[in-house]
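Work through the exercises below with the coordinates open. Each task is followed by a stepwise solution.

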Amino acid sequence: MENNISKEAPKVLTPKQRSFIFDNLRGLAIWCIPISHFTRVGGEFVHGSLGGIVYITINVFVMQLFMFLSGFFSKKVDRARETAFKTFMLPYLLFTLVFYIFRYFYFGHANLDFLKPPFALWFLFAVFFYRFYLKDLVKIKHLLAISIGIYLITGLLPVDTDYFALGRTISYFPFFLMGYYCTSERLKKVQCLKKWQCIPLLAVLLGISYGLAYYVKVPVAFYLLKTTAADIGIAWYTDIIMRAVVLLLAVLWTILLLNLMPNKKNYLAYVGMNTMPIYMFHLFVRYIVKENGFPFINWTAYYLWIFGAASLCVIIFSSPPIAKAYDAVLDKLYDGWLILKKKMVYEEAE
């Protein structure tokens, strides 16, 4: 299949053909991220509970879905390389410094290391790497199959997976490639399920999440795909089996959501067009929640705090003033970088 794809560049949707399915998918995915983070750090997390089901469900598909969509819209490899710095590396450098300052003043201590992406900033680093080197990487035969093979054994590699976010950068690469190699025609074939056919698939996937939460006692840190089997205390073969399970679940969730998402311009689609400020700014709230937790009166109120706080983050950080301010700051920084770059080139020429 890959050989056929490599002979002909995958077709891309033009602006006139814009499908709001993708914006809705991004909107749903970015809504899930603060829910996942707040569920884990809210202070009352239990593996075998509703919180465990929610956390595992989200983390077997959400970043994989983001990677798939990023790959799908990276088919113009020259354009992907051209925009990689401004879209991903520049905010990575900026917010690594910003979060260092925030942690230092809020917690009284912090470490600054641009080679170890802090917390959720790994995503920016990984996608920069994928998009910048995609033009060269796709020349490798059977790249997708190779990436899946490496993904399955990443938990066994004797490396420090924190450097360059190596564990996650390797682990999420197959999902990026799946998006890149997925043509519009293949996508249409996947979107063949009727709404009533999606119901049993949804029930099965939620049932699997229930089983993973209550009966499969793999530490939830595993589902982040960031570290080795030894680091989280599971057997090497368990790591490989569970990685295969996550791969299958991520694919099934992606297929399900591609069939469920409406092709309409709605509020969720609007959120999906403004994911970056939500992703970046909710992390400040996440640090505060981790330090203080949510008040606990009963489980109903506790989960309302989680979902309510996550929803407020999405609504506030996607609002036009914040979204426009985020874009304006990045544009100014990028313009400054271009001026500095031209000046350096000019001085070297002299």
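**Exercise 1. The domain interface**

How much area do domain 1 and domain 2 bury between them, and what share of it lies on carbon and sulfur atoms?

Solution. 
- Step 1. Note the source: this is a predicted model.
- Step 2. The domain assignment gives 47-263 as domain 1 and 321-349 as domain 2.
- Step 3. Count the contact residues. Domain 1 supplies six residues and domain 2 supplies seven residues.
- Step 4. Read the area. The two domains bury about 630 Å² between them. Carbon and sulfur atoms carry 81% of that area.
- Step 5. Find the main contributors in domain 1. Phe85, Lys86 and Leu90 lose the most area to domain 2. Together they make up 63% of what the domain 1 side buries.

**Exercise 2. Helices H2 and H3**

Describe how H2 packs on H3, from angle to residue class.

Solution. 
- Step 1. Locate the helices. H2 spans residues 20-41 and H3 spans residues 50-59.
- Step 2. Take the geometry. The axes come within 9 Å and cross at roughly 140°.
- Step 3. Assign the hand. H2 passes H3 in a left-handed crossing.
- Step 4. List the contact. H2 uses Cys32, Ile35, Ser36, Thr39 and Arg40. H3 answers with Gly51, Val54, Tyr55, Ile58 and Asn59.
- Step 5. Sort by class. The contact has five nonpolar, four polar and one charged residues.

**Exercise 3. Helices H11 and H13**

Are H11 and H13 roughly parallel or roughly antiparallel?

Solution. 
- Step 1. Locate the helices. H11 covers residues 195-214, and H13 covers residues 236-260.
- Step 2. Take the geometry. The axes come within 10 Å, crossing at roughly 150°.
- Step 3. Classify. Angles over 145 degrees count as roughly antiparallel, so H11 is roughly antiparallel to H13.
- Step 4. Assign the hand. The crossing of H11 past H13 is left-handed.
- Step 5. List the contact. H11 brings Lys195, Cys198, Leu201, Leu202, Leu205, Leu206, Ile208 and Leu212. These meet Met242, Leu249, Leu252, Trp253, Leu256, Asn259 and Leu260 of H13.
- Step 6. Sort by class. There are 13 nonpolar residues, one polar and one charged.

**Exercise 4. Helices H15 and H16**

In which hand does H15 pass H16?

Solution. 
- Step 1. Locate the helices. H15 is residues 275-292 and H16 is residues 299-317.
- Step 2. Take the geometry. The axes come within 9 Å and cross at roughly 130°.
- Step 3. Classify. That angle makes H15 oblique to H16.
- Step 4. Assign the hand. The crossing is right-handed.
- Step 5. List the contact. Pro277, Ile278, Phe281, His282 and Val285 of H15 meet Cys313, Val314 and Phe317 of H16.
- Step 6. Sort by class. Seven residues are nonpolar, one is polar and none is charged.

Key
Residues are numbered from 1 along each chain as its sequence is written. This is a predicted model: local features need pLDDT of at least 70, side-chain atom pairs count only at pLDDT 80 or more; totals for chains, interfaces and linings use all residues. Side-chain values use heavy atoms; hydrogens and water are left out. Axes are lines fitted to C-alpha atoms, for helices over the stretch in contact, and angles run from 0 to 180 degrees between N-to-C directions. Helices (H or I, at least four residues) and strands (E, at least two) are DSSP runs, numbered from the N terminus. A crossing is left-handed if the near helix is turned anticlockwise from the far one by less than a right angle, and right-handed if clockwise. Contact means heavy atoms within 4.5 Å. Ala, Val, Leu, Ile, Met, Phe, Trp, Tyr, Cys and Pro count as nonpolar, Asp, Glu, Lys and Arg as charged, and the others, Gly among them, as polar. Domain bounds come from an automatic or database domain assignment. Buried area is the accessible area (1.4 Å probe) that two parts lose on being put together, summed over both. Angles under 35 degrees count as roughly parallel, over 145 as roughly antiparallel, 65 to 115 as roughly perpendicular and the rest as oblique.
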